[in-house]
Amino acid sequence: MTRSIIHIDMDAFYAAVEERDNPLLKGKPIVVGGSNPRSRGVVSTASYAARKYGIHSAMPLKQAYLRCPQAIFLPVNMAKYKEASRQIHQIFRQFTRLIEPISLDEAFLDVSGTDAVSVGKEIKHLINNRLRLTASIGVSHNKFLAKLASEWEKPNGFTVIPKDNIEGFLSPLSVRRIWGVGPRTEAQLNEMGIFTIGDLQQLERGFLQKTFGKLGNELYDLCRGIDNRPVKSSRLPKSFGEEETYYTDEGNMAVLEASLAEFSQSLGERLRDKGLLGRTITLKIRYDDFETNTRSMTLMNPIAEPDKLYKCSLLLLQRARLNQRKIRLIGLAVSNFIYPGEPYQLTLW
Ligand SMILES: [Mg+2]
């Protein structure tokens, strides 16, 4: 069966988010990586206006400053980029569950069985509309070609690589365009007189294997546009949990409540990071005699907010009726995950 794969790569993501959130930055050379260009940091992302000066990711900030002293240097605001990434993934999930994130701003989608070109266009449109950001999108029948397509006309690109005449399409391209060919392999190939993918297509599988080992095998397939790697979606976790064993057995309610408040905070953050809501909250208590009890509640309306998690945990703690017993360990877990806006089955009581 022919697969349909989409590769999405946000354009100058961190810089684009900053630019979106501060109109004064529009079109200016922006360097995200640190607010002090004299510090030892490196460039995380440079806006396209900054790239014109030769500034690129992983370059020391000092060097970026030398190339463009008037550039605006900003610290990395990871929480903000994660939030944007979460919203982008929310859009992806409207079309498929087969999503393989490569980084915050890059992912493969397997949309086999759909009209991949319209799905790609719709995703591009939604990202633009809801997030006011641009993505470059590539559509093809495997991961290698989809990624090649998204790089084709960056930024704000949309490229489809169809199935026919793949070898001819690939042959004039530099070997560097092949996934897995870094500067070292490229130099090695160049030394052998291999510069284009077409040159590579002339070599036999056995020879490539002998010279490059496992990579040689891949090169033989990739230069012909053959790539059977699946889109590996990360499975939804079953639950998130936090627990603490006290140094000495604990009977003080204020201490127990403080632990629960701390757990609620970190569980809330983990839910938010993954863009999930939880419906079941479980309290675990181990007494000083090692007897262990769990109590849980399943909510009509799923939650992710730390204060709501905390309220639930206090209710469960009340129901546990400690009766002055001392506690060795306390834990809090959240499970029964759903994505926001997703329909879910109500449990019948
Ligand atoms: Mg990107």
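**Strand pairing and nonpolar cores**

Strands β9 and β12 (residues 327-338) are joined by 8 bridges in the antiparallel sense; strands count as paired if DSSP finds at least two bridges between them. The model is predicted: local features need pLDDT of at least 70, side-chain atom pairs count only at pLDDT 80 or more, and totals for chains, interfaces and linings use all residues. Residue numbers start from 1 along each chain as its sequence is written. Strands (E, at least two residues) and helices (H or I, at least four) are DSSP runs, numbered from the N terminus.

- Phe240 has Val334 of β12 as its bridge partner.
- The open sheet has 4 strands in the order β9-β12-β10-β11, with antiparallel pairing.
- Its edge strands, β9 (239-250) and β11 (292-303), each pair on one side only.
- Helix α13 (residues 306-319) lies across β10 (277-287), β11 and β12, at about 40° to β10; axes are lines fitted to C-alpha atoms, for helices over the stretch in contact (C-beta atoms, placed from the backbone, within 7 Å), and angles run from 0 to 180 degrees between N-to-C directions.

The hairpin
- Strands β5 (residues 99-103) and β6 (residues 106-110) run antiparallel and share 4 bridges.
- A hairpin of 2 residues links β5 to β6.
- Ile99 has Leu109 in β6 as its bridge partner.

The cores
- A nonpolar core is a set of buried Ala, Val, Leu, Ile, Met, Phe, Trp, Tyr and Cys residues joined through C-beta atoms within 7 Å; buried means 20 or more other C-beta atoms within 10 Å of a residue's own.
- The largest nonpolar core has 61 residues, and Ile6, Val31 and Leu109 have the most contacts inside it.
- A second, separate core of 22 residues includes Phe240 and Phe337.

Conventions. A residue is buried if 20 or more other C-beta atoms lie within 10 Å of its own, exposed if 12 or fewer, and partly exposed in between; C-beta atoms are placed from the backbone. Two residues are in contact if their C-beta atoms, placed from the backbone, lie within 7 Å.
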